[in-house]
Amino acid sequence: MNAPDSPERPHRRIRSFVLREGRLTAAQERALSELWPAFGIDYSPTPIDLDTVFGRSADRLLEIGFGTGDALAAYASAHPDVDCIGAEVHRSGVGHLLLKAQAENLRNVKVICHDAVEVLERQLPAGSLTAIHIFFPDPWPKKRHHKRRLIQPALVDRLLRALKPGGELRLATDWQPYAEHMLAVLQTFPALKNLAGGNHYVDRHSERPITRFERRGQRLGHGVWDLAFRKESIG
Ligand SMILES: C[S@@+](CC[C@H](N)C(=O)[O-])C[C@H]1O[C@@H](n2cnc3c(N)ncnc32)[C@H](O)[C@@H]1O
């Protein structure tokens, strides 16, 4: 168990993805070059000033592994007062979100095309986020791949570092063993309060649209488990 103010766990690389760069559409390729200056944040291994990036001071959400970005775009559209940052490693998904951000004129969206683990460790200042969303992270069902799961104590340390006190962490998965694993890991952090109370899941968040990945799970007959935690100010 990790005390909230203890130094972070020694760094152990979490490699939660395998880059299979599928074909990008011509529109996505064009978006990556033409729309990047408006909506992209280049990865940097040093903390950035988010007030400068967004040109204002505001509440800020990070979505990790946004896929095609539909949930992030919907959230940004519904909350123009919240700055929304998406981190995704697959360029096709990044291109998809850039097109959507442009089409819907989502000036509160910025995209980082890089490993979110490093983004959290190095690029985002401590206490800079009011919310973090991680929807349908790769479940890595085989035991020998469990070390690739995003949700593990070393990452939760970093999520907690990035969140402001009172900030919320929302997750969803369609893989029951991963849902149970998430709950078990998150419950060990005294600084995190389960908003469902006890050892429970929350109801589906009304603002979480059904993503392409979730729809695929529904076709396969999978259930969905939503989790929500709040960072408490302790001490
Ligand atoms: C199963 S998909 C779910 C996508 C989306 N959230 C949805 O609900 O449709 C998981 C996504 O997480 C991304 N991902 C995995 N590890 C990541 C990391 N360390 N940094 C950024 N993106 C990551 C993958 O590229 C993939 O797009």
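Strands β1 (residues 59-64) and β2 pair in the parallel sense, and six bridges link them. The model is predicted. Within this pairing, I64 stands opposite A87 of β2. Helix α4 (residues 70-78) carries the chain across from β1 to β2. This β-α-β crossover is right-handed.

Strand β2 also pairs with β3 (residues 109-112). These two strands run parallel and are joined by four bridges. Here C84 stands opposite V109 of β3. The chain passes from β2 to β3 through helix α5 (residues 91-103), and this β-α-β crossover is right-handed.

Strand β2 spans residues 82-87, and six of its six residues are buried. The strand is therefore largely enclosed by the rest of the structure. In a regular strand, side chains alternate between the two faces of the sheet. In β2, V82, C84 and G86 point one way. D83, I85 and A87 point the other way. The residues of both sets are buried. Two of the positions named above thus belong to opposite sets, because C84 points one way from β2 and A87 the other.The ligand is surrounded by 17 residues. The closest are S16, E88, D115, A116 and F135. A polar backbone atom of A116 lies 2.8 Å from a nitrogen atom of the ligand. For F135, a polar backbone atom lies 2.7 Å from a ligand nitrogen atom. A side chain takes part as well: an N or O atom in the side chain of T211 is 2.9 Å from an oxygen atom of the ligand. Taken alone, the ligand exposes 600 Å². The protein buries 92% of that area.

D115 is one of the closest residues to the ligand. D115 lies in the loop between β3 and α6 (116-123). Its relative accessibility is 8%, so D115 counts as buried, the cut-off being under 20%. Leaving aside neighbours within four places in sequence, D115 is in contact with R13, I14, F17 and V89.

Definitions and conventions: Residues numbered from 1 in each chain as written. Predicted model: local features only at pLDDT ≥ 70, side-chain atom pairs only at ≥ 80, totals over all residues. Heavy atoms only, no water. Buried < 20%, exposed > 50% of the residue type's maximum accessible area, 1.4 Å probe, protein only. Pairing = 2+ DSSP bridges. Right-handed = clockwise from strand over helix to strand, strands pointing away. Near = heavy atom within 4 Å. Polar contact = N/O pair within 3.5 Å; in protein donor to acceptor, adjacent residues only side chain to side chain. Areas by Shrake-Rupley, 256 points an atom, 1.4 Å probe, with all protein chains shown as cover. Contact = heavy atoms within 4.5 Å.
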